[in-house]
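Here are my notes on the model you asked about.

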Amino acid sequence: MTRLATHEIIRLEVNGDDRVAGVPTHFTLLETLRYALGLTGSKQGCDKGDCGACTVLLDGVPILACITPAWEAEGRAVTTVEGLGTPERPHPLQDAFDRWGAGQCGFCTPGMLCSAAALLDRTPEPSLDDVKEALAGNLCRCTGYTKIFDAVLDAAGVRGGGPGADNGENEGGDAG
Ligand code: FES
Ligand code: FES
């Protein structure tokens, strides 16, 4: 990392690509992603660590990019929602969110997807409680959470029946 008076040069890997960004020294990782690298999928919600809309993966671990200084990502691997899948080849979570109607306004969705992707990496067959715990830091004002939980369980292959079916695991409705 090169530090100048008011700016610093950050080198990091984003979604598998080596990237370099010159950013003000006060920039967070979220500001670096959105305003220096043009990756606007990660959302700037509360901007103070409360809502989870800015969640990205840092070396595979979900973190809140809005309260993570940019320099903390120096030399590390960042995965944003743009790196999970593409419109042509969506991540299984993205496909399940679409089929279950788990995104409404969509503002929480990138952070939800990143938190859920990390969960499925470490726990390929999660329980409903595992999903609730993994997403406890991601707030949603629209969905009531149930469809999100269903979509994550569906993507993991542990919830059969598809959208509209009730297999007894659908008692969610509250992230807390
Ligand atoms: S924008 Fe980061 S937690 Fe809300
Ligand atoms: S879909 Fe609107 S906040 Fe979650």
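The points below go from the core to the helices around it.

1. First, a caveat: this is a predicted model, so read everything here as computed from predicted coordinates.

2. Start with the largest nonpolar core, which has 49 residues. If you want to find the middle of it, color Ala65, Leu93, Leu113, Ala116, Ile148, Ala151 and Val152, the residues with the most contacts inside this core.

3. Where do the core residues come from? Strand 2 (7-14), strand 3 (17-24), helix 1 (29-36) and strand 4 (55-58) are among the elements that give two or more residues. So are helix 2 (92-100), helix 3 (109-122), helix 4 (128-134) and helix 5 (146-155). Helix 3 gives the largest share, seven residues. Because domain 1 (2-83) and domain 2 (92-155) both contribute residues, the core lies between them.

4. Now look at helix 5: is it enclosed or open? Nine of its ten residues are buried, so helix 5 is largely enclosed by the rest of the structure. The buried set runs through Lys147, Ile148, Phe149, Asp150, Ala151, Val152, Leu153, Asp154 and Ala155; note that Lys147, Asp150 and Asp154 are on that list. The cover over these buried residues includes helix 2, helix 3 and helix 4. After helix 5 comes Gly157, with a positive phi near 80°.

5. Ile148 deserves a click of its own. Apart from neighbours within four places in sequence, Ile148 is in contact with Ala102, Met112, Leu135, Cys140 and Thr143. Ile148 is also on the list of core residues with the most contacts.

6. How do helix 2 and helix 3 sit against each other? They pack at an angle of about 130°, with 10 Å between their axes, and are therefore oblique to each other. The crossing of helix 2 past helix 3 is right-handed. On the helix 2 side, Leu93, Gln94 and Phe97 do the meeting; on the helix 3 side, Thr109, Leu113, Ala116 and Ala117.

7. Last, over to helix 1, where you will find Leu33. Leu33 counts as buried because 28 other C-beta atoms lie within 10 Å, and 20 or more is the cut-off. Setting aside neighbours within four places in sequence, the contacts of Leu33 are Leu39, Ser42, Ala65 and Thr80. Ala21 is twelve residues from Leu33 in sequence, and their C-alpha atoms are 9.1 Å apart.

Note on methods. Residues numbered from 1 in each chain as written. Chains lettered and ligands numbered in written order. Predicted model: local features only at pLDDT ≥ 70, side-chain atom pairs only at ≥ 80, totals over all residues. Core = buried A, V, L, I, M, F, W, Y, C linked by C-beta atoms within 7 Å. Buried ≥ 20, exposed ≤ 12 C-beta atoms within 10 Å, placed from the backbone. Helix = DSSP H or I, 4+ residues; strand = E, 2+ residues; numbered from the N terminus. Domains from an automatic or database assignment. Contact = placed C-beta atoms within 7 Å. Axes fitted to C-alpha atoms, helices over the stretch in contact; angles between N-to-C directions. Parallel < 35°, antiparallel > 145°, perpendicular 65-115°, else oblique. Left-handed = near helix turned anticlockwise from the far one by under 90°.
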